[in-house]
Amino acid sequence: MSRESEADLPGDVLPGVLSESLHAELVAFRRDLHMHPELGNQEFRTTAAIKERLERAGLRPRVLATGTGLICDIGLPEGQRPAVPLMALRADIDALPIPDTKTDCPYRSTVPDRAHACGHDMHTAVVLGAGLVLADLHAKGLLPRPVRLLFQPAEEVMPGGALGAIKDRVLDGVGRILAVHCDPKVDAGRVGLRHGAITSAADRLDVALDGPGGHTARPHLTTDLVTAVARVAVDVPAIVARRVDARSGLALTWGRIESGHAPNVIPQHAELSGTIRCLDLEAWREAPDIVHAAIDEVATLHRAKSEITYVRGVPPVVNDRESTDLLRRAMVARRGLQSVESTEQSLGGEDFSWYLEQVPGALARLGVRAPGDRTVRDLHQGNFDADESAITVGVELFTAAVLLDDQ
């Protein structure tokens with residue numbers, strides 16, 4: 001059958017659809033995770049819940065060496081090498097250190113200052129559901145290739161839990177890897193796709209400024225540290241933006257500034273923390289030197305001593321064309337041409353990029369906005385939530401991709 005005719009198949013021709021009962025179970029599973037969010041490398045409860053459900057389906061998951069996260073192969077007898085490359089489906093499982101600000105939500109976080117505000121609970125439910133459906137297809141002799149489920153910890157911890165997972169050999173035997181990420185700007189029932197870079201590079205920056213301190217009546221006799229930290233906060237991003245090609249999208253944004261304890265005391269210490277984001281790979285490689293130089297120049301101008309901690313994060317996620325086309329064919333086969341839209345490259349970072357430096361693959365943006373809902377929600381905000389019908393969409397996207405892949 002040609003790719004063109006495959007793409008025109010109505011969704012009920014392909015097996016691997018999600019039953020109403022399993023959808024209801026996955027919604028309950030997702031809500032349980034949402035109520036009990038765990039930070040990166042602390043996802044013990046989450047890992048145990050995923051492991052228990054997979055084992056109940058007769059599968060044999062393996063917890064990663066770090067103690068959280070796991071992989072699970074379907075259609076590959078234990079200890080055997082795959083005759084054809086595995087298809088990997090990846091979900092990230094960690095939460096964020098922010099409060100859940102939703103009101104009148106029965107499944108809001110029960111853990112203070114912890115929330116699934118990036119949709120990783122949705123990603124987990126999607127990959128779990130896809131695994132359960134694919135296991136059923138395998139039992140019926142309908143699974144054309146072995147599949148590896150990858151539940152990865154610590155995506156939010158730079159440079160990302162993907163590096164540890166790769167070290168734990170999760171890509172052994174894998175020929176392609178796919179993932180989805182929630183997008184609150186896209187309606188549920190649709191996905192956003194893009195060839196090439198779909199996210200940006202992302203690094204973390206911590207800056208400490210020090211001076212002798214003193215009385216606010218005599219700033220000329222000391223280092224006016226509050227003014228110094230204010231100038232670093234305002235001037236450094238502007239300097240950085242002028243030292244690279246504007247098309248590279250190199251942007252420094254602060255998320256934390258702290259200094260001082262009393263209105264009449266010039267402090268001795270100040271701190272700033274932020275992120276550097278970049279659309280262009282070459283500019284990302286130059287970013288540490290550019291940022292260091294800009295901070296040193298501004299700090300020296302104000303007689304402050306600077307200490308800079310630049311934490312390399314992740315490169316851009318660069319979608320392989322063939323894998324992106326596979327996701328497009330899978331989505332069209334399930335829900336028609338109108339279910340796919342083009343998406344832009346964002347300034348968000350995603351450690352899925354590390355996998356794509358090893359094997360081909362693609363990340364899709366999974367629409368999670370309730371159609372007609374115009375409430376402003378964004379990732380990494382305490383009021384984030386998702387239309388749970390997107391779980392079915394994600395599951396059926398993945399199962400169709402497995403069935404249609406001719407790699």
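## Salt bridges, a buried histidine and a sheet

R30, R31, D121, D385 and E388 are linked in a network of salt bridges. The model discussed here is predicted.

Reader: Happy to start with confidence. What is the mean pLDDT of the chain, and where does pLDDT stay under 50?

Author: Good place to begin! The mean pLDDT of the chain is 94, and 97% of its residues reach 70 or more. The stretch where pLDDT stays under 50 has 18 contacts beyond four places in sequence in the model, and it covers residues 1-11.

Reader: Thanks! Which side chain makes a polar contact with the side chain of H34?

Author: H34 sits in helix α2, residues 20-35. Leaving aside residues up to four places away in sequence, H34 touches D100, K102, Y107, R108, S109, H116, D121 and F384. Among these, the side chain that makes a polar contact with that of H34, at 2.7 Å, belongs to D121.

Reader: Is H34 buried or exposed?

Author: A residue counts as buried under 20% relative accessible area. H34 has 1% relative accessibility, so H34 is buried.

Reader: How far apart in space are H34 and A115, C-alpha to C-alpha?

Author: In sequence these two are 81 residues apart. In space, the C-alpha atoms of H34 and A115 are separated by 7.1 Å.

Reader: How many salt bridges does the model have, and what separates the closest N and O atoms of E52 and R56?

Author: The count comes to 31 salt bridges. E52 and R56 are four residues apart in helix α3 (residues 44-56), so about one helical turn separates them. E52 is partly exposed at 40% relative accessible area, while R56 counts as exposed at 53%. In their salt bridge the closest N and O atoms lie 2.9 Å apart.

Reader: And R285 with E282: which helix holds both?

Author: The closest N and O atoms of this salt bridge are 2.6 Å apart. R285 is partly exposed at 48% relative accessible area, and E282 is partly exposed at 46%. The two residues lie three apart, about one turn of the helix, and both belong to α7 (residues 281-301).

Reader: How many residues apart are E341 and R190?

Author: Their side chains meet in a salt bridge at 2.9 Å, N to O. The pair links distant parts of the chain, with E341 in strand β15 (residues 340-342) and R190 in the loop between β5 (174-187) and β6 (191-193), and the separation is 151 residues. As for accessibility, E341 is partly exposed at 24%. R190 is also partly exposed, and its relative accessible area is 25%.

Reader: Which strands stand at the edges of the open sheet of eight strands?

Author: The order in this open sheet is β1-β2-β4-β3-β5-β16-β6-β15, with mixed pairing. A strand with a single partner has one side left without a neighbour in the sheet, and this is so for the edge strands β1 (62-63) and β15.

Reader: Which residue in β2 is the bridge partner of V63?

Author: β1 and β2 (residues 70-74) run antiparallel, and two bridges join them. In β2, the bridge partner of V63 is L70.

Terms used:
Residues are numbered from 1 along each chain as its sequence is written. This is a predicted model: local features need pLDDT of at least 70, side-chain atom pairs count only at pLDDT 80 or more; totals for chains, interfaces and linings use all residues. Side-chain values use heavy atoms; hydrogens and water are left out. pLDDT is the predictor's confidence in each residue, from 0 to 100. Contact means heavy atoms within 4.5 Å. Buried means under 20% relative accessible area, exposed over 50%, partly exposed in between (1.4 Å probe, protein chains only). A polar contact is a pair of N or O atoms within 3.5 Å; within protein, one must be able to donate a hydrogen and the other to accept it, and residues adjacent in sequence count only if both atoms are side-chain atoms. A salt bridge is a side-chain nitrogen of Lys or Arg within 4 Å of a carboxyl oxygen of Asp or Glu. Two strands pair if DSSP finds at least two bridges between them.
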